[in-house]
Amino acid sequence: MEAFIRDLPKTELHIHIEGSLEPELIFEIAQRNGVTLSFCSVEEVRKAYQFTDLQSFLDLYYGGMSVLRHEPDFYDMTWAYLEKAHAQNVRHAEIFVDPQAHTDRRVSFETVIKGIHRALQDAQLKFNMSSKLIMCFMRHLSADAAMKTLERALPFKDWIIGVGLDSSERGHSPEKFTAVFDKARQEGFLTVAHAGEEGPPEYIWQALQLLKVSRIDHGVSCVEDSQLVEKLKIDKIPLTVCPLSNVKLCVFNTMNDHNIKQMLDLGLCVTVNSDDPAYFGGYLTENFLAIQEAFNLSHNDIYQLAKNAFQATFLTQKEKQNLLAELDDFMAKSITPDGRQSRA
Ligand code: ADE
Ligand code: ZN
């Protein structure tokens, strides 16, 4: 099962690129930029990664990314993620960036986007790995600040497929961002939003009805509202679930308490993702392994999760078909018709 999961062609739809910044790289970039950190060693940083909720994580996350100053810093961070993802046979990634976390530190929008974009282009050339970039508005900041960020993004429309909504969920409803999401859609951006991670099902309704999102990021609180579950099923709205993240941030006490299997059994379009892998103890393979072990998932369950993700991408139909064919090829080679793993 471990080899099956590792080698399975995968797609990742919920990864904050700043959340892939490993402590070793934080130290390396801090040193070359002359930034003094409040931690003395990589070990000390890792020890501090004990979170009680989303906010306790975000405080460290925004601190960690503050070493990023120049275009090569954004390139190196992105490239480090892409190399790891490639080693796990991630064939396509849709990557979040938080531009406001950088522009508010006087790093230009252009510096951020150019560094990331160059690494994404290199991954296409070197690994034949495709990608899309989604910029998130930080919901603890104002709707006006989000609108200014959207205006900064207009010259980079070709490099940014969509907009999202992240950061502290409690007390920051999607409704506050209705106008900026309207404008983003008019400008041709697709939309997604974090909703129902720590927040109520009502925030998922708002993301669907007011922000008109194509996918919900997390969405685990949807099971509290049966009408919402029906709506998500009928409209086949993908949910980008992040199991290790949810346990690390105490949304669920243990992996056995996670509701991903319940959501799958309800017929929801569930996908598996890593969120902030450098902080939560694993990339995509480790997330699949953790849920497989907790719920004794079959090869077919894993296949369904991977297939949902390929179908939920922002790729063209043709591109989706090609990747789905690769996935089916892999299945045909790995699994016998009665669902057992072949020896080959
Ligand atoms: N930014 C980075 N990770 C996040 C998460 N899990 N929820 C909300 N905002 C985030
Ligand atoms: Zn997230």
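1. Asp275 is buried, at a relative accessible area of 3%. Buried means under 20% relative accessible area, exposed over 50%, and partly exposed in between (1.4 Å probe, protein chains only). His16 is buried too, at 4%.

2. This is a predicted model, where local features need pLDDT of at least 70, side-chain atom pairs count only at pLDDT 80 or more, and totals for chains, interfaces and linings use all residues. Residues are numbered from 1 along each chain as its sequence is written, chains are lettered from A and ligands numbered from 1 in the order written, and side-chain values use heavy atoms, without hydrogens and water.

3. His16 sits in strand S1 (residues 10-16), and Asp275 in the loop between strand S8 (270-272) and helix H14 (277-280), so the pair ties together parts 259 residues apart in sequence. Helices (H or I, at least four residues) and strands (E, at least two) are DSSP runs, numbered from the N terminus.

4. Now a charge and a ring. Arg215 lies over the face of Phe314, 4.1 Å from the ring centre. The rule asks for NZ of Lys or CZ of Arg within 6 Å of the ring centre and within 35 degrees of the ring normal.

5. Both Phe137 and Phe181 are buried. Phe156 also counts as buried, at 14% relative accessibility. Trp159 is partly exposed, at 31%.
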